[in-house]
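Here is a friendly walk through the model, point by point. Keep the viewer open as you read.

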Amino acid sequence: MFRKGLVLGGVAALLLTVLTGCGKADSSQNADQKLSGNLTAVGSSAMQPVIEESAKEFMAKNPGVQVTVQGGGSGQGLTAAMNDTADIGNSDVFAEEKDKIDPQKVVDHKVFVVGMAPVAHKGVGIDNLTQQQLIDIFTGKVTNWKEVGGADQQIVLVNRPESSGTRATFVKWALNDSKELRKDGGLEEESSGNVRKIVSETPGAIGYLAFSYFDESIKPLKLDGVEPTNENVYTNKWKVWAYQHMYTNKNGKNKELEDAFINYILSPEVQKGLVIKLGYIPVSEMKVERDATGNVAQK
Amino acid sequence: MEAKENRERTDSLSESLKKPLPKILRAERRGRVLTYVSSWVLILILFSLIMFITSKGSSTFLDGEVQLANFFSTTWNPGEYQFGALSFILGSLIVSVCAALVSAPLGIGAAIFMTEIAPNWGRKILQPATEILVGIPSVVYGFIGLSVIVPFIRENVGGLGFGLLAGIIVLSIMILPTIVSVSVDTLQAVPNHIRQGSIALGATRWQTISRLLIRTSLPGLMTGVVLGMARAFGEALAVQMVIGNAPNLPFQLLEPMSTLTSVITLNMGNTVQGSAYQDVLWSMALVLLLMTLLFIVLIRWMTKRSDLSS
């Protein structure tokens, strides 16, 4: 154990001297940190791509640090952070929103933002819905696209499971907490990838996806004329978005490493780079702030 | 003098023969310890699994979080503490029973072909074919179902494609090899003199097969079918990809539906430990376990009957 630490430290020191030798600006910053140890991050699979990629770069910058990133879902992330079975719990909902989670035991770090939008099959014949129309569609009051000005085509709802974080955000901000219809003609899919596949293949299908899943095969719908873009999320003109949280336990175990990693994700390098590249929204660009109860304030 | 020496030698020989070498004794003991340990580990694992699932699954009701009547209702609305799992229980049952009904004649037919009609070349082709079917991972079955069977049903039969019918098709292919291999073993165990006797009485091959072979090996064949059904019941991934996962009662072929396994896999990751929502998922796991135990009891009972008949 001790010897292993020595070897790791030696390797880290060696690499750092090489780095400082190169004379880059950021290498001197690393030299006085000298991080080493293990860090685990568990939870939301929606956040996983960003966390995984930044973990790779973080490890490249800090040899001697081993970051393990696992999926499993927001519920597992929050449970792990609360019970301290992992250093960081990734979640796409606030701790306050989940049953049986004690928000007093964890610290919230909002690391980036994800926007979500209703998406439809290409043949539905419209690209804009009013919020009321969207609610009517998802509650089953409207069952044919022609009733909202589209093609004569039966509407097929593609939902996410009741416990999904994407679903929670969508129901809260796009459907105004209306209860979506689940029986009779609705589908339910486990992952966003499957939702995209099914919406693209099933005539008349409508579902909801994070911006990062948008591609040519589906049609994102405008809501009350507002387009689902990053710029509209910055100003809260597009309301259907959620913070992506990294929760840490309050006991402060492994705090140095946790803070270093979270600060790295919050650094402009990741926010302007990876986060945007993978289709998410940098939290640094947000012009508004939203709390767990949904109150919005200008920053 | 010489005779006495001789007797002494045979005495010591018989003595040493009676007592095995210590080396052999040690090997014996080692072997016994090894097998004992393995079987006890197995029993321990099984027991702790059953204990764990039972305590987790029953705590939902013992804590009074969810009433039994609530659990066995058909209203699934976790947001408002309505955890009716009956449509999922029925969904699991119906999809696996129907898959077994489709698969049983096919599997038994193929087994008869392999043992009675063309024992040589039929076996040579079908044996590796069924082995390959066993080897295909269930996610591949699910993906083929999602990409081929679902669009096919949507375009040619109607509905969304997702639903009971797609689930039955995917599952019946998945459980086919189980039914085939058990049936082949059973049919081969039928003594040859029964076949010879039947032919000697002037019966045709089909008469022999349908009136004698199938009848004598029926318990074994049914065991294969129940084994297949048990496999279908526990399958999660492939089914979940094609059945649509809506909490409907599973009475329409083309309507999306849910099974116990699909609800558990869909929700386990997103629920919080200790919440009523996750406890209900554990209760569903308990129902799954009990049903599987029931299947096994059924199989034991049937094989016992087949022992009596032969």
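1. Let us begin with chain A. Taken over C-alpha atoms, the centres of domain 1 of chain A and domain 2 of chain A are separated by 27 Å. The contact between them takes 16 residues from domain 1 of chain A and 12 residues from domain 2 of chain A, where two residues are in contact if their C-beta atoms, placed from the backbone, lie within 7 Å. On the side of domain 1 of chain A that touches domain 2 of chain A, there are eight nonpolar, four polar and four charged residues. For these classes, Ala, Val, Leu, Ile, Met, Phe, Trp, Tyr, Cys and Pro count as nonpolar, Asp, Glu, Lys and Arg as charged, and the others, Gly among them, as polar. As for the bounds, domain 1 of chain A is 37-113 + 242-298 and domain 2 of chain A is 115-234; such bounds come from an automatic or database domain assignment.

2. A word on conventions. This is a predicted model, in which local features need pLDDT of at least 70 and side-chain atom pairs count only at pLDDT 80 or more, while totals for chains, interfaces and linings use all residues. Residues are numbered from 1 along each chain as its sequence is written, and chains are lettered from A and ligands numbered from 1 in the order in which they are written.

3. Now chain B as a whole. Its C-alpha trace spans about 100 × 60 × 35 Å along the principal axes. Chain B is divided into domain 1 (2-46) and domain 2 (69-309), with C-alpha centres 48 Å apart.

4. Chain B has 13 helices and two strands; these are DSSP runs, numbered from the N terminus (helices H or I, at least four residues; strands E, at least two). In the contact between the chains, 23 residues come from chain B and 27 residues from chain A. Helix 12 (residues 260-267) of chain B gives the most to the chain B side, with three residues. That side divides into 10 nonpolar, 13 polar and no charged residues.

5. Which residues of helix 5 of chain B meet helix 7 of chain B? They are B:Thr130, B:Leu133 and B:Val134, and they meet B:Leu176, B:Pro177, B:Val180 and B:Ser181. The axes of helix 5 (residues 121-135) of chain B and helix 7 (residues 164-189) of chain B come within 8 Å and cross at roughly 140°. Axes are lines fitted to C-alpha atoms, for helices over the stretch in contact, and angles run from 0 to 180 degrees between N-to-C directions. That angle makes helix 5 of chain B oblique to helix 7 of chain B (under 35 degrees counts as roughly parallel, over 145 as roughly antiparallel, 65 to 115 as roughly perpendicular and the rest as oblique). The crossing of helix 5 of chain B and helix 7 of chain B is left-handed, meaning that the near helix is turned anticlockwise from the far one by less than a right angle; clockwise is right-handed.

6. Finally, helix 8 (residues 192-200) of chain B and helix 9 (residues 205-216) of chain B pack at about 155°, with axes 11 Å apart. Helix 8 of chain B and helix 9 of chain B are therefore roughly antiparallel to each other, and their crossing is right-handed.
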